[in-house]
Amino acid sequence: METKIKEILSEIQPDYIFSDEKNFIDEGYLDSFDIVTLVSELENTFSIIISAMDIIPENFVSINSICALVKKSRKVEKR
Amino acid sequence: MNATISGIKIRGICAAVPSAIYKFEDELKNFPFSEKSSRRLARVMGFNEHRITDKGTTPCDLASYIIDYMEYKRYISKKCVKAYIVVAQMADHPVPGNSKVIHGQCLFQHDVFCLDIYENCIGFITGLYIASGILKNSSFDEILLITTDAGSCYANKSDRNIYPLCGDAAAVTVLKKTDNQDDILHFAFKFQGENRDALITPAGGMRLPHSAETAKIFKDKMGNFRCLDNLHMDGTAVFQFVMKEVPPLIDELCNYAQIDKKSIDYYLSHQPNRFMLQKLSQLINVPQEKFFNNIVEHFGNSSCVTIPLNIVYNLNNIIKEDSFSVCYSAFGAGLSLASCLDTLGPLDFCDLIEHPGNGSTIYKPKEV
């Protein structure tokens, strides 16, 4: 999952290297429109629906936080 | 704030969009981002094409053209109009107001009542509330609610966050008095003025008058080029506001009106962008076929006109024959929220026409 998420991020913002040492929001790697695109790509790639209430900057600050969001959205889907 | 007004019904709606179509594909080169990235965003947001007036056409021209069309079709008679209100965020002049310009253009009688309301995205619902209240307490039987917008000129053409979404349009909604006390409109409004900076045109008013300084273009932290005279949106803040506040407002309104949410046939929402509407419909738990999100991709976001445009574009084929339980909902600058429950239809008319440009106020037959 991590590899796929890194691929998606690099597609959206090819100018940056997305590593876990960086905070993607504070560093300005992702803006709100990048997040919109990312949400759509994650939903299509992992066949999930991300709740609107989870589309907050804190869930997109790192690879780990994005992974956690995908996992959470998968659980909600299964219910 | 909640309110209920009974004995009032929408008799018909006509809307007009500029005939000039601007395609996102042609505007890609204006944005300071790669074409691939812009196309990807376009798919999600619904950027496709939008309608924008030429420089010679104002919000009043759009509205007067519709009124002339309505007289041509015999939906109304100008000399019989007794009252109308005009809702807009753009004015033909600082003085006098749009309603007086339209009065002169349409040659309405001298004894009409006319009023201007400055309002943004919730303008249709605000106008519906005020027009219904006026009609309920007056001796005349009908009132025109004119919503018109030519807000695209507020946006910088290089601002990918705003410009592709912009659209110009106008609509005239005719409200009538009825003897049926089941013709009920239920309203709800909420405001968060403390968050007004999230969607704002910083300069051009008295707080920061337009100047050479405010017209200077700068690159914002999202990489877009704009100036203080342009509309600016904090996308994250507006998105969160809508997602947190709109679903409970609709729930509260349904409880207040004692209407089962499941009995609502259509949710006729203001149309900011496709992504936000998809997420909102998921939160409200409404299937896509009850919650249209196709106005931005065909016409752009025309602020207070998107709801009547939504009706004439999406319900035209059925609303003249039948009635439906509907929930209007709007949100935007302010920050503001409004919702209204109505039984819409059967309408006497529900038309969408094109405005030919050049400031025309006289209809010449050619329907969309």
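Predicted model: local features only at pLDDT ≥ 70, side-chain atom pairs only at ≥ 80, totals over all residues.
**Entry 1: overall build of chain B**

I began with the secondary structure, and for chain B I noted nine helices and 17 strands. I then looked up the radius of gyration of chain B, which is 20 Å against the 21 Å that the globule rule gives for 368 residues, so I wrote the chain down as being as compact as a globular protein of that length. The C-alpha trace of chain B spans about 60 × 45 × 40 Å along its principal axes. On burial, I recorded that 49% of the 368 residues in chain B are buried. Taking the contacts of chain B with a separation of 6 or more, I found that 80% of them are between residues 24 or more positions apart.

**Entry 2: the six-stranded sheet**

Next I traced an open sheet of six strands in chain B, whose order is β6-β5-β7-β8-β2-β17 and whose pairing is mixed. At its edges I noted β6 (113-118) and β17 (349-355) of chain B, each of which pairs on one side only. Neighbouring strands of this sheet are turned by 15° against each other on average, direction ignored.

I followed one pair in detail: β2 (residues 8-18) and β8 (residues 169-177) of chain B run antiparallel and are joined by eight bridges. Which residue of β8(B) is the bridge partner of Ala15(B)? I found that Ala15(B) is partnered by Ala171(B).

Helix α3 (residues 59-72) of chain B packs on this sheet, where I listed β2, β5 (83-88), β7 (142-149), β8 and β17 of chain B as the strands touched, and the helix direction makes about 50° with that of β8(B). I also noted helix α5 (residues 123-136) of chain B, which lies across β2, β5, β6, β7 and β8 of chain B and runs at about 160° to β7(B).

**Entry 3: the five-stranded sheet**

I then turned to an open sheet of five strands in chain B, with the order β1-β9-β16-β15-β14 and mixed pairing. Here β1 (2-6) and β14 (266-269) of chain B stand at the edges, and each has a single partner strand, so one side of each is left without a neighbour in the sheet. The twist from one strand to the next averages 20°.

**Entry 4: the nonpolar core**

The largest nonpolar core holds 130 residues, and I wrote down Ala15(B), Ala63(B), Ile66(B), Ile125(B), Ile146(B) and Val172(B) as the ones that touch the most other members. Which element gives the most to this core? I recorded α6(B), with nine residues. For Ala63(B) I looked up the contacts beyond its neighbours within four places in sequence, and these are Val86(B), Ile102(B), Ile146(B), Thr148(B), Ala170(B) and Val172(B).

**Entry 5: where chain B touches chain A**

I found 17 residues of chain B in contact with 13 residues of chain A. On the chain B side, α2 (35-45), α6 and α7 (274-284) each supply at least two of the residues. By class, I noted that this side of chain B has nine nonpolar, five polar and three charged residues.

**Entry 6: backbone points to check**

A cis peptide bond joins Gly334(B) and Leu335(B), with omega about -5°, and Leu335(B) is found in the loop between β15 and β16 of chain B. Another cis peptide bond joins Gly345(B) and Pro346(B), with omega about -10°, and I placed Pro346(B) in the loop between β16 and β17 of chain B.

In chain A, Ser47(A) has a positive phi near 50° and lies in the loop between α2 (32-46) and α3 (63-78). With 10 C-beta neighbours inside 10 Å, I counted Ser47(A) as exposed.

Technical notes. Residues numbered from 1 in each chain as written. Chains lettered and ligands numbered in written order. Helix = DSSP H or I, 4+ residues; strand = E, 2+ residues; numbered from the N terminus. Rg over C-alpha atoms; globule rule 2.2 N^0.38 Å. Buried ≥ 20, exposed ≤ 12 C-beta atoms within 10 Å, placed from the backbone. Contact = placed C-beta atoms within 7 Å. Pairing = 2+ DSSP bridges. Axes fitted to C-alpha atoms, helices over the stretch in contact; angles between N-to-C directions. Nonpolar A, V, L, I, M, F, W, Y, C, P; charged D, E, K, R; others polar. Core = buried A, V, L, I, M, F, W, Y, C linked by C-beta atoms within 7 Å.
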